[in-house]
Amino acid sequence: LKGGRLEAAAQPEVQGRLSVQTLNGSHWRLQRWSRNERASAEAEITLSVQDGRVAGKAACNRYMATIAPRGEMPGDIEIGRAAATLMACPGDAMAMEGRFLAALAKVTRFRFHAGLLVFEHGAGPDVGTLYFERSAAENRSSRR
């Protein structure tokens, strides 16, 4: 809405079937551990997807893992065991890193909710979600 008139968005929202390819070339930053728990602003946890791999910073160390479709349902994915660098970090960062990498290894599905990337992980009573916002780097490159 501009000046009381409805105008089309500059870049229309892309719609289609969810697949690993949907995420290719995207960059994200962890915003929430769950709907009710915000991620710490001090410990940066990032996720980039490129050519069948996820990589980023896990609060302290860099990590990389495979990402692949799992099953027939749109959004069903499997993330392989992450390889990470081995720097020592303050206790809080190491705890967040361990929590993130453990959740990442259990991811079974992704979806989008209100502009956020949501990874669902675990099963039964251990089901959880990770909410990611587009990283500042991606926001800058999408405006060019």
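# Exercises on strands, bridges and buried charges

Y63 has A84 in strand 7 as its bridge partner. This is a predicted model, in which local features need pLDDT of at least 70 and side-chain atom pairs count only at pLDDT 80 or more, while totals for chains, interfaces and linings use all residues. Residues are numbered from 1 along each chain as its sequence is written, and side-chain values use heavy atoms, leaving out hydrogens and water.

**Exercise 1. Which helices and strands does the chain have, and in what order do the elements run?**

Step 1. Count the elements. The protein chain has three helices and ten strands. Helices (H or I, at least four residues) and strands (E, at least two) are DSSP runs, numbered from the N terminus.

Step 2. Read the order from the N terminus: α-β-β-β-β-β-β-β-α-β-β-β-α.

Step 3. Look at burial. Of the 144 residues in the protein chain, 34% are buried. Buried means under 20% relative accessible area, exposed over 50%, and partly exposed in between (1.4 Å probe, protein chains only).

**Exercise 2. Which strands does strand 5 pair with?**

Step 1. Know the rule. Two strands pair if DSSP finds at least two bridges between them.

Step 2. Start with strand 4 (residues 53-58). Six bridges join strand 4 to strand 5 (residues 61-69), and the two run antiparallel. K57 stands opposite R62 of strand 5.

Step 3. Check the turn. Strands 4 and 5 make a hairpin with two residues between them. A59, in that turn, has a positive phi of about 75 degrees.

Step 4. Move to strand 6 (residues 77-79). Strand 5 is joined to strand 6 by three bridges, again antiparallel. P69 has I77 in strand 6 as its bridge partner.

Step 5. Finish with strand 7 (residues 83-84). Two bridges pair strand 5 with strand 7 in the antiparallel sense.

**Exercise 3. Which cysteines form the disulfide, and where do they lie?**

Step 1. Count. The structure holds one disulfide, defined as a pair of cysteine sulfur atoms within 2.5 Å.

Step 2. Name the pair. C60 is joined to C89, with S to S at 1.1 Å.

Step 3. Judge burial. C60 and C89 are both buried.

**Exercise 4. What surrounds R32, and how far away is the nearest side chain of opposite charge?**

Step 1. Locate R32. R32 sits in strand 1 (residues 26-34).

Step 2. Look for opposite charge. R32 is buried yet has no salt bridge, and the nearest side chain of opposite charge, E133, is 8.8 Å away. Lys and Arg count as positive, Asp and Glu as negative; His and the chain ends are not counted.

Step 3. Look at the backbone. The R32 side chain reaches the backbone oxygen of R35 at 3.1 Å.

Step 4. List contacts, meaning heavy atoms within 4.5 Å. Leaving aside neighbours within four places in sequence, R32 is in contact with residues including E37, T129 and Y131.

**Exercise 5. Where do D51 and A114 lie, and are they buried or exposed?**

Step 1. Recall the background. Most residues other than glycine have a negative phi.

Step 2. Check D51. Its phi is positive, about 50 degrees. D51 lies in the loop between strand 3 and strand 4, and at 60% relative accessibility D51 counts as exposed.

Step 3. Check A114. Its phi is also positive, about 50 degrees. A114 lies in the loop between strand 8 (107-113) and strand 9 (116-121), and A114 is exposed at 74%.

Technical notes: Salt bridge = Lys/Arg side-chain N within 4 Å of Asp/Glu carboxyl O. Polar contact = N/O pair within 3.5 Å; in protein donor to acceptor, adjacent residues only side chain to side chain.
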